[in-house]
Each structure stands twice: as C-alpha cells, then as structure tokens.
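Come along while I look things up.

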Amino acid sequence: MIKAIETILIDIPTIRPHKLSVATMSTQTLVLVQIQTDDGYSGWGEATTIGGLKYGDESPESVAVNIRQHIAPLLLQQDERQVGALMYRLRKNIRGNRFAKCALETALLDIQAQRLGVPMSELLGGRLRDSVPVLWTLASGDTAKDIDEAQMMLDLRRHNSFKLKIGLNSIQHDVKHVLAIKKALGADVSIRVDVNQAWSELQATAAIQQLQDGGIDLIEQPLKAENRAGMARLAQRFSVAIMADETLNGPQDAWEVARLNAADVFAVKIAQSGGLTQAKELGTIARLAGISLYGGTMLEGAVGTMASAQLFATFDELEFGTELFGPLLLKQDILAEPLQYRDFALQLPTTPGLGLALDLDKIAAWRRPA
Ligand SMILES: O=C(O)C[C@H]1C=CC(=O)O1
Ligand SMILES: [Mn+2]
C-alpha cells in the first residue's frame, strides 16, 4: 500500500553556462519524487524541466504543489502493484501534468521491478542492449571553447557525437559557428543542431540548405511546435534528417506528426511524453511509420536519466543514439555510486528496479526547504 509521496527540489549549479535559444542555464533544479510503501519499498521518479516555464508548461514548483494537492490523494493508500490501474486513474482525473505523471509512474515501476527482482526495462517490453550511446551538447556560446570541449570528450572516449544549440543568434552567425566546429572535428564526428523552435520557415529553408551542404547530420525542431505543416515541407525538401522534439507531447502528437510526414526522426522524452508507457507508445508509432528514433532528455539528473535509459534499451532501433548526459552537466551528483559513462555510452545496471543507489544524506543536505 502506498504510504507516502514526497516531491523534493534540489538546485544544482551546472559545470558551465548552458545556452539554449529559450534560456541560459547556470543551475538546474532537479525535481525528485519518492513513493514509499507500507512494506518498506521506496521508488524514485523525476520531473525535472528546463528554465522554469521557458521550455515546458510545468515548473518545478507547479509539479510539487500539484502532486501534493491534487495527485497524491488519488494514489495514497492504494495498492502500488496495480501500476496500470493507478496511471489510468491519473489519466482520467488529472489533465496535463505530464512531467508529474512521468515521475509517479517511474517511481511505481521502480517499486514493481524491485519487488519482482528485475531491471525496470523488463517491465517496459524487455531490454535489447546493456548500454546506450550518448552524445554531448556543446552550448558554451563560444566556437573555440566548444571545439576544445569536444576534443576533450573525444580524447576521454566519453562522446563522439555532438549537438549544438543554435537559434539565439543570426542565421549567418549560427551557420558559421556550426560549420567551423564540423570542420575542426572532421568527417567521422557526427554533428547535429537543435534550434529549439527559433526559426521561421523561410529562415529554416536558408539555414538548413547550408547545414546540409556542410555535412550536418540532424536538424532538431527548427520551427515552432505548432507548425507541423512547415516541418513536413522541410522534411520533404531536404535529405538531412529533420527531428521533432517540442511538438511531441505524447502518443496523440506522435500519431499526428507521423500521419503528416512532419519528421524523419522522433526525439523521445519520457517526461514530455507523459511517462514511460506513453513514451514507449511514441517508439511504437515511429517504428510502424518508418520514423527513426533518438533518446531525448530534459537534462534530468540520475533518476530521470536512468529511467529514460531503461526505456531506450528496449527500442528495436535507436538509430541516432541518445543525449542522456544530464548528470554530467551538473557540478554534484546525488548517487552513492556514479553512473557509468564509458566508450561513448551510458552503461545500464542489471540490478532490480532503476538500479541506482541514491545518497539520501546528499539529498537531505541539498534539498530546498519545503
Ligand atoms: O533537447 C532539448 O531541447 C533540451 C535539452 C537536451 C539537451 C540539451 O542540451 O538541451
Ligand atoms: Mn530539443
């Protein structure tokens, strides 16, 4: 029986400013949710977002208050083993709040998998791989610094693909920046760009042509989330892969985007999708529609990152790898044993549940006062 549900906010500085077209991050607020049962199980989930309300429509504080006031009362005293029925109850009674729902579903599945003695991936269709490739996002805002950073990651064998955040500056400036990095790193290193919705269709058409000619591999969400017709025209016009991110807020969106041929690739994000089960549905829609997959992040800490990895490890194909580097962007971690990043990939534990050992003392010391 579910005995307690708690939401914990932890503000952690980033290792350097992280510049997106919608926000510059110098701290990240981890939003952790813990569910405890009367027979001693504890499950964790995460509802972290980016830049307060600048990226998504839930903030860390709204997640905490909505769980406490409206969502927890639907779950407390219920049988935590009936994960599907509980999530159905939330879908029927709670509109939106996809990040909060994701954190709660993750915590419930963590408990269920611990109880069964299997990794969480086994409850999500079953694991097909024990590691997932992880790229690194270069977003210092400075071309020379980005090249040095990429070179260091290659030398460490930590990342061999890079995503550049663009859209804040002029097209001319951004294209020059991206192509200088591509040239410095060479043909074998995959370079992708994420525009975070910043361009008009005219701007996108001019910029993508130059990026495609310069050997860039992937263009992420160039247009506003709502402009699916425009995304379809870009996907039709260019051979470089066009990826949908912010336009995908669950299976219904995935279905529409697939139906409109408005993307070549889906960035699957567990929180943006409304939870692990719904994110799995995005993967299924993509597979049926012939759309390639990429494992996205909301720059979560260890919990959301590992939950995402547990799902991405179940996809038949993960053609564009993942960006599950969130914990590496933070100055501190909340684990007793750090996540294992090596050989350009995040390694998945084989232990039950999420497979993480959280450091409860660190969490208690750093959490925001309630
Ligand atoms: O994909 C996004 O839009 C959000 C995020 C993921 C990596 C990163 O640097 O920012
Ligand atoms: Mn993105």
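My entries follow, one topic at a time.

**Ground rules.** I am working with a predicted model, in which local features need pLDDT of at least 70 and side-chain atom pairs count only at pLDDT 80 or more, while totals for chains, interfaces and linings use all residues. Residues are numbered from 1 along each chain as its sequence is written, and chains are lettered from A and ligands numbered from 1 in the order in which they are written.

**Entry 1: the ligand.** Which residues are around ligand 1? I listed Leu 20, Ile 50, Thr 137, Ala 139, Lys 165, Asp 194, Asn 196, Asp 245, Gly 296, Thr 297, Leu 299 and Glu 323. My test for being near was a C-beta atom, placed from the backbone, within 6 Å of the molecule. I then sorted this shell into four nonpolar, four polar and four charged residues. For the sorting, Ala, Val, Leu, Ile, Met, Phe, Trp, Tyr, Cys and Pro count as nonpolar, Asp, Glu, Lys and Arg as charged, and the others, Gly among them, as polar.

**Entry 2: the annotated pair.** I checked the UniProt record, an unreviewed entry, and its "active site" annotation covers Lys 165 and Glu 323. They are spread over 159 residues of sequence, yet they cluster in space, with a largest C-alpha distance of 12.8 Å. I note that UniProt positions are given in the numbering used here, feature names are shortened, and annotations may be inferred rather than shown by experiment.

I found Lys 165 in strand S6 (residues 161-165). Helices (H or I, at least four residues) and strands (E, at least two) are DSSP runs, numbered from the N terminus. Is Lys 165 buried or exposed? Lys 165 is buried, because 24 other C-beta atoms lie within 10 Å. The cut-offs are 20 or more such atoms within 10 Å for buried, 12 or fewer for exposed, and in between for partly exposed, with C-beta atoms placed from the backbone. Beyond its neighbours within four places in sequence, Lys 165 is in contact (C-beta atoms, placed from the backbone, within 7 Å) with Lys 19, Leu 20, Ser 21, Thr 137, Ala 139, Asp 194 and Asn 196.

I traced Glu 323 to the loop between helix H10 (302-312) and S12. Glu 323 is buried too, with 27 other C-beta atoms within 10 Å. Its contacts, again leaving aside neighbours within four places in sequence, include Val 134, Thr 137, Lys 163 and Gly 296.

**Entry 3: helix H10.** I went through H10 and found that eleven of its eleven residues are buried, so the helix is largely enclosed by the rest of the structure.

Entry 4: I saw three strands forming an open sheet in the order S4-S13-S12, with antiparallel pairing. Strand S4 (131-133) and strand S12 (341-342) stand at the edges with a single partner strand each, so one side of each has no neighbour in the sheet. I counted a pair where DSSP finds at least two bridges between two strands. S4 and strand S13 (residues 345-347) have three bridges, and Pro 133 has Ala 345 in S13 as its bridge partner.

**Entry 5: around S10.** Strand S10 (residues 265-268) sends Val 265 and Ala 267 one way and Phe 266 and Val 268 the other way, and all are buried. Strand S9 (residues 241-244) pairs with S10 in the parallel sense over two bridges, and Ala 244 has Phe 266 as its bridge partner. S10 also pairs with strand S11 (residues 292-295), parallel over four bridges, and here Phe 266 stands opposite Leu 293. From S10 the chain crosses through helix H9 (residues 276-289) to S11, in a right-handed β-α-β crossover. Right-handed means that, with the strands pointing away from the viewer, the path from the first strand over the helix to the second runs clockwise.

**Entry 6: an exposed spot.** I ended at Asp 38, in the loop between strand S2 (24-37) and strand S3 (42-46). Asp 38 is exposed, with 11 other C-beta atoms within 10 Å. Leaving aside neighbours within four places in sequence, Asp 38 is in contact with Met 1 and Lys 3.

Terms used
Contact = placed C-beta atoms within 7 Å.
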